[in-house]
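Let's take a walk through this protein together. Have a look at it first, and then we'll go piece by piece.

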Amino acid sequence: MKISFIGGGNMARALITGLLARGQAASDITVIEADADKRIELKDDFGVQSYDQLPAAANADVIVLAVKPQQLRDVAIFLGSLLDHQLVISIAAGVRCQDLIRWLGNYGAVVRVMPNTPAQVQAAISALFAASAVTAGQRQLAESVMKAVGMTLWLEDEGQMDAVTALSGSGPAYVFYFLEAMQQAGAELGLPAEQSRQLALETFLGAARLAADGTQDFATLRTQVTSKGGTTERALSSMESAGVKSSIIAAVQAAASRSRELGDVLGKD
Ligand SMILES: NC(=O)c1ccc[n+]([C@@H]2O[C@H](COP(=O)([O-])OP(=O)(O)OC[C@H]3O[C@@H](n4cnc5c(N)ncnc54)[C@H](OP(=O)(O)O)[C@@H]3O)[C@@H](O)[C@H]2O)c1
């Protein structure tokens with residue numbers, strides 16, 4: 001498979017790392033990147049071909065659009081005339097298929113993806129949505145590209161992409177926020193900062209692994225560590241009184257609403 005990236009930033013680098021680890025030949029990867037220093041780094045780090053002109057991307061089976069959402073329209077308008085057989089994968093947050101297809105001059109072989117930053121360690125969860133013209137073979141191709149950085153799932157309704165953006169796209173930041181609070185609490189209770197960090201982090205990783213390995217739902221797992229009259233019960237009761245769960249739900253809803261707003265703004269031209 002020949003694959004081109006337009007935009008050689010963080011996400012493209014994560015995908016290239018994952019693809020190379022899965023045996024993709026570096027000689028079949030091309031990156032179009034505006035910044036000259038980044039082009040040199042891409043060549044040095046990965047052995048891929050790197051250019052500053054979009055036409056170099058056209059000789060590929062898959063073209064991944066990995067520029068910032070605000071940069072996508074200009075790229076797509078230029079790219080449209082170069083397309084005849086390629087699958088276009090967009091990872092740009094917020095940009096809807098109908099807008100991208102319009103900017104590409106009604107080129108419909110488009111899959112929209114929302115990955116997340118754990119892609120940098122091949123632990124992403126990516127949600128994919130295929131426009132109606134995408135074939136079964138192209139769906140498989142898109143899935144195999146995104147599997148290079150972690151797990152994948154398909155959405156049948158593009159409207160759900162705002163919820164995905166709010167949950168897993170922005171989600172790593174919520175986890176870091178929670179970890180910051182756990183680390184701070186440990187430090188305020190007298191633990192050295194490094195030990196507090198380690199205890200918070202390993203607890204998170206261990207609990208996540210326990211949940212992932214088993215079949216029990218999150219509420220059951222929580223109940224299992226909450227003895228009557230014990231320390232966990234006291235902590236959870238404090239969280240309930242402070243409205244922590246409802247605040248988290250409201251925060252994720254606010255993120256989804258912002259995602260819808262951004263989609264409207266990005267697609268207005
Ligand atoms: N990071 C995340 O967590 C995450 C999660 C989900 C989705 N995404 C999406 O992934 C996309 C890429 O994110 P990122 O974090 O990798 O961004 P990034 O690091 O800014 O990378 C984008 C790169 O594309 C370059 N570029 C801009 N216009 C170009 C053009 N016309 N031709 C060639 N290269 C061009 C940029 O150069 P300049 O810097 O010089 O402009 C930059 O190096 C975004 O659309 C984002 O919404 C990111």
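In which sense do strand 4 and strand 5 pair, and over how many bridges? Strand 4 (residues 62-65) and strand 5 (residues 87-90) pair in the parallel sense, over four bridges. One spot to look at is Val64, whose bridge partner in strand 5 is Ile89. Pairing here asks for at least two bridges found by DSSP between two strands. Helices (H or I, at least four residues) and strands (E, at least two) are DSSP runs, numbered from the N terminus.

Before going on, a word about what you're looking at. This is a predicted model, in which local features need pLDDT of at least 70 and side-chain atom pairs count only at pLDDT 80 or more, while totals for chains, interfaces and linings use all residues. Residues are numbered from 1 along each chain as its sequence is written, and side-chain values use heavy atoms, with hydrogens and water left out.

Now step back. The chain holds eleven helices and eight strands, and its C-alpha trace spans about 70 × 40 × 30 Å along the principal axes. The domain assignment (bounds come from an automatic or database assignment) gives domain 1 (3-156) and domain 2 (171-261). Their C-alpha centres lie 34 Å apart.

Eight of them form an open sheet in the order 3-2-1-4-5-6-7-8, with mixed pairing. At the edges sit strand 3 (49-51) and strand 8 (150-154), each pairing on one side only. Neighbouring strands of this sheet are turned by 25° against each other on average, direction ignored; the axes are lines fitted to C-alpha atoms, and angles run from 0 to 180 degrees between N-to-C directions.

Strand 7 (residues 124-130) deserves a stop. Six of its seven residues are buried (under 20% relative accessible area, with over 50% called exposed and anything in between partly exposed, using a 1.4 Å probe and protein chains only), so strand 7 is largely enclosed by the rest of the structure. Strand 6 (residues 110-114) pairs with strand 7 in the antiparallel sense over four bridges, and Arg112 has Phe129 as its bridge partner there. Five bridges join strand 7 to strand 8, and these two run parallel. Leu128 stands opposite Trp154 in strand 8. Over the whole chain of 269 residues, 39% count as buried.

What about charges? Side chains of opposite charge can pair when their charged atoms come close. A search of the whole structure finds eleven salt bridges, each being a side-chain nitrogen of Lys or Arg within 4 Å of a carboxyl oxygen of Asp or Glu. One of them joins Arg13 and Asp45 (2.5 Å, N to O). Arg13 lies in helix 1 and Asp45 in helix 2 (residues 36-46), so the pair ties together parts that are 32 residues apart in sequence. Arg13 is partly exposed at 23% relative accessible area, and Asp45 is partly exposed at 46%. Glu233 and Lys228 form a salt bridge too, with the closest N and O atoms 3.7 Å apart. Here Glu233 is partly exposed at 29%, whereas Lys228 counts as exposed at 76%.

Last stop: Ile248, in helix 11 (residues 244-266). Ile248 is partly exposed, at 48% relative accessibility. Together with Met239 and Val244, Ile248 makes a nonpolar surface patch of about 230 Å². Patches are made of residues with over 30% relative accessible area and no salt bridge, joining like charges within 9 Å and nonpolar side chains (Val, Leu, Ile, Met, Phe, Trp, Tyr) within 5 Å. The areas come from the Shrake-Rupley method with a 1.4 Å probe, and for residues only the protein chains shown count as cover.
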